[in-house]
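The report below describes a single protein chain, with attention to its pockets and to a few local features. Please read it alongside the sequence and the model.

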Amino acid sequence: MPPPRKKKRKTNRDESSRTSQDATPKCIFCGRVENDTSKYGELLTNDQEKITTHHYCLLLSSGVPQRGQDHQGFYGFLYPDVRKAASQAAETPCTICKKRGASIHCSIKTCEQLVHFPCGQENEFIFQFYKQFQSFCSKHRPVQKITKTPKENLSVCTICLEELTPAPAHEVIKSPCCKNTWLHRTCLQMQALNAGKYHLKCPVCQNLTHFQEELLRMGIYIPHRDASWELEANAYRELLQVHEQCDVDPCLCDSGRNYSETGSQWFLIRCNCCGSSGTHLACSALSTADCTWTCGDCSPILDKPNAEEELLNDAVMPSTSSVHEHPAVTSGGETSSRVRGFKMITTRRTRRTPLERANPKPAGGKKHH
């Protein structure tokens, strides 16, 4: 009778023998494991449902309805619907890589192009992330209409400042609101992901509406959210800091200049003008916290009268009794007056006749016949 076989124990070697490709979840549509937000969007994973997909693959795949709320499934795409659409595309070969699972077809009905999202992106497809989320192959994709071809052979991307060829191409987009503004597609996509719908503008003229409409038509994904710098935790914490120190010399508080106690004479208040200086109530002989206090830097500015009013008050103006009526303008000349240094200066300009202009007077002032 043969001896009983021993059970094989699990060892660390068995766990390490798994490849990293098996451990990393694959997209249920394209089958790739790359997690590049700028290219494929966010990699969405649900461990409980054991389903993973790229955000862009999900948005552009045919036959995936969005029947849920934003907090349900993957941004409203329910898990059963995603799994059903992926199973329907499992037997469809991609016209580019020939592998199965292609779920995106060209929106032109007569076109037979059917691809994975990464394959289409690598072959200059254009995917529109608005309205009907249409996809166009390299033959039927929208092209920008440039009324006048620039004379320069090279230009500079306004975002990265690297050279580019200013001509309609898949990797280059011209700003619709500026005459000579050209940008890389990759630079625009990164800018759109950071700025979001509410802050993405033309980097030159700051146009928002016309600029975003053209970018959406040319296949730039603009997330419907606030800018990334607005969503950071405590991004503007320094703006909420206030001055909390007594700057009066000498400070009478034994606990130090930074000590503040609500409801006592050691309560700190700030200057009602600049807010960058403070004092204890007792240090400035203030009775309650409702009192207003002005620091030593702002007091001279507030007490100083207006410069124009000061000049007008110091100016010596003639009294009404000494003001003479301006002489009437005669054929011999005219009178003009102006104010200089708050003193009335009157000058007399002689109006010459055409005959006098033709025969000017000699230097001595006498006429010679």
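A pocket, as the word is used here, is found on a 1 Å grid over the protein atoms alone and is an open set of points where a 1.4 Å probe fits, with protein on both sides within 12 Å along at least five of seven lines, and its lining residues have an atom within 4 Å of a point. Grid points are joined across faces, edges and corners, and a volume is the space filled by probe spheres set on the points. The model is predicted, so that local features need pLDDT of at least 70 and side-chain atom pairs count only at pLDDT 80 or more, while totals for chains, interfaces and linings use all residues. Residues are numbered from 1 along each chain as its sequence is written, and side-chain values use heavy atoms, with hydrogens and water left out.

Two or more lining residues come from each of α3, α6 (117-122), β5 (126-127) and α7, where helices (H or I, at least four residues) and strands (E, at least two) are DSSP runs numbered from the N terminus.

The largest pocket holds about 710 Å³; of its 31 lining residues, His55, Leu59, Phe77, Phe133 and Tyr221 lie nearest the centre. The elements that give two or more residues to this lining are α3 (37-40), α4 (55-60), β3 (104-105) and α7 (185-195), and α4 provides the largest share, five residues.

The table divides both linings by class, with Ala, Val, Leu, Ile, Met, Phe, Trp, Tyr, Cys and Pro counted as nonpolar, Asp, Glu, Lys and Arg as charged, and the others, Gly among them, as polar.

| Pocket | Volume | Lining by class |
|---|---|---|
| Largest pocket | about 710 Å³ | 13 nonpolar, 15 polar, three charged residues |

**Chain and local features**

The protein chain has 12 helices and 14 strands, and buried residues (under 20% relative accessible area, 1.4 Å probe, protein chains only) make up 30% of its 369 residues. Of the contacts (heavy atoms within 4.5 Å) with a separation of 6 or more, 45% are between residues 24 or more positions apart.

Strands β1 (residues 43-46) and β2 (residues 51-54) run antiparallel and are joined by four bridges, where pairing requires that DSSP finds at least two bridges between two strands. Thr45 stands opposite Thr52 in β2, and in this hairpin, with four residues between the strands, Lys50 takes a positive phi near 55°.

Thr181 lies in the loop between β9 (172-174) and β10 (182-184) and is buried, with a relative accessible area of 6%. Leaving aside neighbours within four places in sequence, Thr181 is in contact with Thr158, Ile173, Lys174, Ser175 and Val204.

In helix α8 (residues 209-217), Phe211, Gln212, Glu214, Leu215 and Leu216 are buried, and the buried residues of α8 pack against β9 and α7. Glu214 has a relative accessible area of 13%, and its side chain is joined to that of Gln144 by a polar contact of 3.0 Å; a polar contact is a pair of N or O atoms within 3.5 Å, of which, within protein, one must be able to donate a hydrogen and the other to accept it, and residues adjacent in sequence count only if both atoms are side-chain atoms. Not counting residues up to four places away in sequence, Glu214 touches Gln144 and Pro176. Just after α8, Gly219 takes a positive phi of about 90°.

Note on methods
Buried means under 20% relative accessible area, exposed over 50%, partly exposed in between (1.4 Å probe, protein chains only).
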